[in-house]
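Please look over the sequence and the structure shown below before reading the briefing. The points that follow are grouped by topic.

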Amino acid sequence: MSEHIFTGSANDIKIPLKVVIARLGFKGMEKIPNEFEVLFERAERILRESAKPCAISKDFPVEESTGNILKLRDLTLTGNFVRKFLRDSTLITFILATIGHEVDEEIEKAHRTGDELLSYFIDGIASELVEYWVRYVDGILRREKKNMVGSMRISPGYGDIDMRLNQWIVKNLDGSRIGVDVIEDSWILVPRKSISAMIGWKRS
Amino acid sequence: MKNRWEIRKLLEERVLLLDGAYGTEFIRMGLEDDKPSESLNLENPDMVYKLQRSYVEAGSDILLTNTFSAIPHKLDELGYGDKFEDIVRMAVKIAKRASNGKALIFGDCGPTGVLPRPMGKGDFDFYYDNYRRIVEVFLDEGVDGIIFETFSDILELKTAVMVVRDLSKDIFLIAHLTFDENGRTLTGSDPMNFAITFGNLDVDVLGINCSLGPEDMLPVFQELSKYHDGFLSVEPNAGNPIIVDGKIIYPESPEDFAKHVDSFWEYGANIIGGCCGSGPDHIKLMRKVLGYRPPNERKVKRIFSITSPSKVVKFDKFVVIGERINPSGRKKLWNKILEKDADFLKKEALEQITSGADVIDVNFGVESSVDWDFAVDLISELPYSCDSPLSLDVQELELLERMMRVYPGNPLINSSTSDERELERKLELLKKYGGMLVVLAMKKNIPKDAKERIEAVMDAIKFAKDNNVDPKERFIFDPVVIPVGVSREAVFEILKTIEWLAREGYRTTLGLSNISFGLPNRSYYHSAFLVLAIERGLSSAIMNPLDNNLMENMRAVLRLIGKLDLPKGRRKPNEDSKILDVILSGKKDELLKIVDELLKNHDPLEVVENHLKPAMEMIGDMYDRGDIFLPQLILSSQTVKPAFELVETKMKGGKLNLGKFVVATVKGDIHDIGKNIVSAVVKSSGFEVIDLGKDVPSEKIVEVIEKEKPIALGLSAMTTTTAPKIREVSTLMKEKRLNVPIIVGGATLNDKLAKDLGADYYAKNATDVVRILKNILKGLNELHQNNGGRNCTV
């Protein structure tokens, strides 16, 4: 079972400006409106200084695959999305990625001091930062597995994929190594800017 | 060779990969600048084969023929006109050899480069002739499909589609427009317009290509995906071109380009490829990322609307259809029609638009006396000149069909009776050319009463459904207006019919001026009848927009029943609009100075009621209308907060409070940005907010409710796993007989789910919460008054 731990620098993660503009709610704008530019730059600086991107990926062979049921070591995956995306996979890579606790603290700090807009900006840009961090990790995995065809990357909570899977992922990838935990009952990941995902692989 | 239905089935199973660019790749491979890429089909077929072979090896599912500019008109201009047929036939042969059965072959066809009149010299016949010639060769050579790409005008693309469907019903067809960064084509169409106009035509896939790199194209594609429920395709450029050493370079690397595949898939792309600057390496990496995944599921908004190239008129608001282009009783107009004075008619249209018409009805009077070529050309050009959709008020079926063929958009067809024979012919046209149909609530004879009208409507509905046309999506019913001078009873029967149609969810229109035929002072009757009809649910009227009395009455009734915003400025803060500007631009200190000055001469409560509250209400309205962005709403809330605090220091009780609002993010949920925004906006509207934070246990929430007795509780739950906590809170509150309304919000919630979980209200955003709180407050005040001013508990 191959496993990787990735660490990165927030400054190296490129997020298209268009994406951030849309995320922050500036519908149809080409750039951040002038009156928000200073605050936006401040939010981005705080975020990039506080974010600590890291991730774990781990491969699990599929032991049994019938219709829309995939059996791994101690895990059974089932449902429409499993059938649509992971059918015929011989290997599943699970990914757990985060940009760290300090980002949560900065969002919270701005909220506590009454600067809701700063809090909202950091939160919005952070959502994209963690997404593009996972895309970076995803790209490395696909380049490594040159001889295999990878599925779309899918996450718990997406379609009919059970959020409870987060608990299994955090446990089996030992999320504590990168500071990721899961909230009991709601299966939401902590820190809040964390993503869990899986990619199914078949022979090309 | 696969037929149309086999390819459609394949698209339901998985997303297909197109190839990349040809022109830019050929230049990279050594094509001389002055030669068209298509000349290579005859002069250097190996170069074409080599490029196409590398696309197949990179994993393309679809290979386009090297014929983008092989339109007769273009090849004529390039000096290759006599070789047109050989170039196209050879292109298909090379593509088939390169594919060797591994990829589908689609005949590729770009625009003529000639804009339609009045901007250019193109017209329907010119376009039709060019596309007919190339499509005939494609079909003869046995391509699997045809793609029209990089078109910048609705009429040209629609004509190309007409050609294909005139020649074959079984060939797979893709239609693409190209948009600029602002999401508009060269002739002004936006993606919503594209989806509406072509969604009603017999096309398999709609898509976008060229002009933009993937990052800029994504929001435009997202817009198309929102409104088109059929298959979608996309081919971005490899970034925005830059000039290096005098050469155009597309800078996006295969790695950067392929990163966007997920985003396009997410928004529903069924076919993904590359346009200018993309090559086999881009396609290879895209194949890797795309894999063989099925298409994403998505929700699509259906919009009842008609279009011109640059305007979409939606029927969710009252629609004014200008009646003035109708020679009945207008001798001068009739003479101008006979003189073929297009400029006069365009002026008539523009005058109505500037007076408030949304759509222009065009009626040529005695059609047998009119030059049909003139009439058809006018219908093709007028939507470009007046920027508005047309209602084709035409009796002769043959003339109507000619007009529908050349109309650049989705027109309104006025009209058909409910008689099956007439309806059948009009439905055929509707299916072939698109458009919405006005259906009269009558068969052969004028109906006597509402019963007869409704019977005719029901027959038309059944007939439409039997013919696979959804009447709710394509019909507007006209209850048939009879002059009040003929029958006063008819007025009530018409109104009853409108009421029934509105209740059943159908759109309605009527010829307003008919009501007053033969009466003096007609304008008053028009206004009065329109008010009655709008109140019964009328959704549009064919009327005179130049009649100011009529238009003002219409606006007034629409405002009274809440279907039109109150005039801007009416609720502006009393002092001036400066407060609004200061709040919107986040100038806290300046606002404090203004408020301080006001407090010197006014009671604190007056400052709130006449200045701060109206300003915040206007800002809320502006946000709801989309005039300002969410960050501006948050900034305004932050800015006004110290001003409220300053007012409070001057109040006798020391507290400004419309009512208490308790808000929390439920247990297990740590996503609190939405809740924080709600908290800030509600506070800035004068309410006292008790924010319990995130991940709050249900028992704790109920405990606070019991102690604080707020007017409402707001709960935020972001995920499906935390939403059930709302029910837990609601149940606990019921057990303790705490009758406090619960307002909920969050990404996974909606109105129905909110009710199922025991909440009283669902709010989609912060301004919604404020609105709900005000309604709750209003209800409480009324209850308080009804109780004779005694205290009432909540």
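A:G124 counts as buried because 23 C-beta neighbours lie inside 10 Å, where buried means 20 or more other C-beta atoms within 10 Å of a residue's own, exposed 12 or fewer, and partly exposed in between, with C-beta atoms placed from the backbone. This is a predicted model, in which local features need pLDDT of at least 70, side-chain atom pairs count only at pLDDT 80 or more, and totals for chains, interfaces and linings use all residues. Residues are numbered from 1 along each chain as its sequence is written, while chains are lettered from A and ligands numbered from 1 in the order in which they are written.

**Surroundings of A:G124**
- A:G124 is found in helix α5 (residues 116-144) of chain A, helices being DSSP runs of H or I with at least four residues and strands runs of E with at least two, numbered from the N terminus.
- Although A:G124 and A:R23 are 101 residues apart in sequence, their C-alpha atoms are 6.1 Å apart in space.
- Leaving aside residues up to four places away in sequence, A:G124 touches A:R23 and A:L24, contact meaning that the C-beta atoms, placed from the backbone, lie within 7 Å.

**Strand β17 of chain B**
- Strand β17 (residues 436-440) of chain B is largely enclosed by the rest of the structure, because 5 of its 5 residues are buried.
- B:M436, B:V438 and B:L440 point one way from β17(B), whereas B:L437 and B:V439 point the other way.
- Strand β16 (residues 412-416) of chain B runs parallel to β17(B) and is joined to it by 4 bridges, pairing requiring at least two bridges found by DSSP; B:S416 stands opposite B:V439.
- β17(B) is also joined by 4 bridges to the parallel strand β18 (residues 475-478) of chain B, with B:V438 opposite B:I476.

**Helix α6 of chain B**
- The 16 residues of α6 (residues 84-99) of chain B should span 22 Å at 1.5 Å a residue, which agrees with the 23 Å between its end C-alpha atoms; the expected span is 1.5 Å times one less than the number of residues.
- Among the buried residues of α6(B) are B:F84, B:I87 and B:K96.
- Just after α6(B), B:N100 takes a positive phi of about 50°.

**Contact between the chains**
- 34 residues of chain B are in contact with 34 residues of chain A.
- On the side of chain B that touches chain A, the largest share, 5 residues, comes from α27(B).

Definitions and conventions: Contact = placed C-beta atoms within 7 Å.
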